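Me: Please take a close look at a single part of this structure and describe it in one connected answer.

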Amino acid sequence: MRRLAALALLTLAGLAPPQPVDEALLLAADPAPTLAAYHLFADAGARQPAAGLTPYALNTPLFSDYATKYRFVFMPKGRAAAYTATGVVEFPVGTVLVKTFAYPAASGERFIETRLLIRKGDGWVPNTYVWNAEQSEAVLKRAGARMAVSYQGRAIDYAVPNVNQCKQCHLTGTTVTPIGPKARNLNGDFAYAAGPENQLAHWTRTGLLTGAPAQVPATPVWDDAHASLDGRARAYLDSNCAHCHSRKGFASNSGLYLDLEETVPAALGVGKRPVAAGRGSGGLQFAIAPGEPDASIIVHRMESTEPGVMMPQFGRTVTHAEGVALIRAWIAAMPKQ
């Protein structure tokens with residue numbers, strides 16, 4: 001009855017009721033030319049998520065040139081993700097992970113791009129939509145784009161990744177997968193409209209997640225001063241580096257594995273010499289030289305913005321000063337060998 005009354009009010013006001021998410025279009029072979037075509041949002045500017053989209057956040061996210069990110073998940077009605085102890089939760093076909101990148105602007109906020117990661121029958125497919133200056137439309141940009149962004153004294157040559165760059169970062173073995181929504185990285189509170197609630201509990205209660213045990217490890221929050229230095233640094237490397245630097249990632253041949261589950265010190269880079277000592281090493285000998293951040297290749301590459309040297313190689317164009325400071329402090333605290 002409430003829904004019928006709401007639709008009647010919209011009709012009387014001369015407004016069309018919001019359209020449901022176009023699930024058929026999401027699963028189509030070709031991507032839509034505009035973000036609006038999917039009906040993921042109720043308004044042209046994508047500020048109001050459509051029914052069925054759930055906002056979420058990550059304990060420790062990937063750094064992206066200081067952009068603010070708005071994340072949503074959509075799953076077909078009656079379908080749910082399955083809990084997994086490691087890796088990303090198992091999402092059903094028809095799932096869409098929506099992520100919008102934004103910066104402060106004179107008008108309040110400027111949306112730059114909205115990325116969709118769609119779980120189709122044969123796997124995950126990434127597509128990126130870039131917003132126009134008027135903030136009224138986002139159009140498909142498979143070849144990527146460069147955009148000038150200025151705010152709070154920062155000038156950023158923002159890089160929208162192309163499809164191949166998206167696939168490279170999201171590659172696990174030979175399969176494209178999401179990066180962030182691991183159960184442990186979702187294990188934190190979110191400020192929902194009805195009040196704060198643990199995300200795993202919320203997803204379970206609302207039927208978005210099945211199989212989650214009562215106790216789930218939580219990824220430390222990288223900038224939480226109350227958390228341990230080791231936990232924070234490992235969480236940062238997990239979120240910013242391990243999508244490539246893992247045993248099944250794109251950089252698996254490097255022998256440097258930075259995911260939170262890794263326990264072998266040498267695999268984490270401690271006292272490890274690089275597989276290929278090119279200019280990316282900066283003439284340094286070890287990925288991590290305990291007690292010596294200035295002698296550690298990982299710090300050198302995190303501080304660089306030079307193509308071919310900087311790490312991560314995609315997703316940022318400026319140095320994350322706070323992230324570098326964390327990794328410096330972590331390495332400095334290690335006993336020298």
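**A close look at helix α6**

Reply: In this predicted model, the buried residues of helix α6 are G231, R232, A233, R234, A235, Y236, L237, D238, S239 and N240. The helix runs over residues 229–240, and its twelve residues reach 16 Å from the first C-alpha to the last, which is close to the 16 Å expected at 1.5 Å a residue. Because ten of those twelve residues are buried, α6 is largely enclosed by the rest of the structure. The elements against which the buried residues of α6 pack are α4 (183–186), α7 (297–303) and α8 (321–332).

D259 is buried but has no salt bridge, and the nearest side chain of opposite charge, that of R247, lies 6.2 Å away, whereas a salt bridge requires the charged atoms to be within 4 Å.

The cysteines C241 and C244 can be considered next. C241 is buried, with a relative accessible area of 12%, and C244 likewise counts as buried, at 11% relative accessibility. The closest cysteine sulfur to that of C241 is in C244, but at 9.0 Å it is too far for a bond, since a disulfide needs the two sulfur atoms within 2.5 Å. The structure as a whole holds zero disulfides.

Definitions and conventions
Residues are numbered from 1 along each chain as its sequence is written. This is a predicted model: local features need pLDDT of at least 70, side-chain atom pairs count only at pLDDT 80 or more; totals for chains, interfaces and linings use all residues. Side-chain values use heavy atoms; hydrogens and water are left out. Helices (H or I, at least four residues) and strands (E, at least two) are DSSP runs, numbered from the N terminus. The expected span of a helix is 1.5 Å times one less than its number of residues. Buried means under 20% relative accessible area, exposed over 50%, partly exposed in between (1.4 Å probe, protein chains only). Contact means heavy atoms within 4.5 Å. Lys and Arg count as positive and Asp and Glu as negative; His and the chain ends are not counted.
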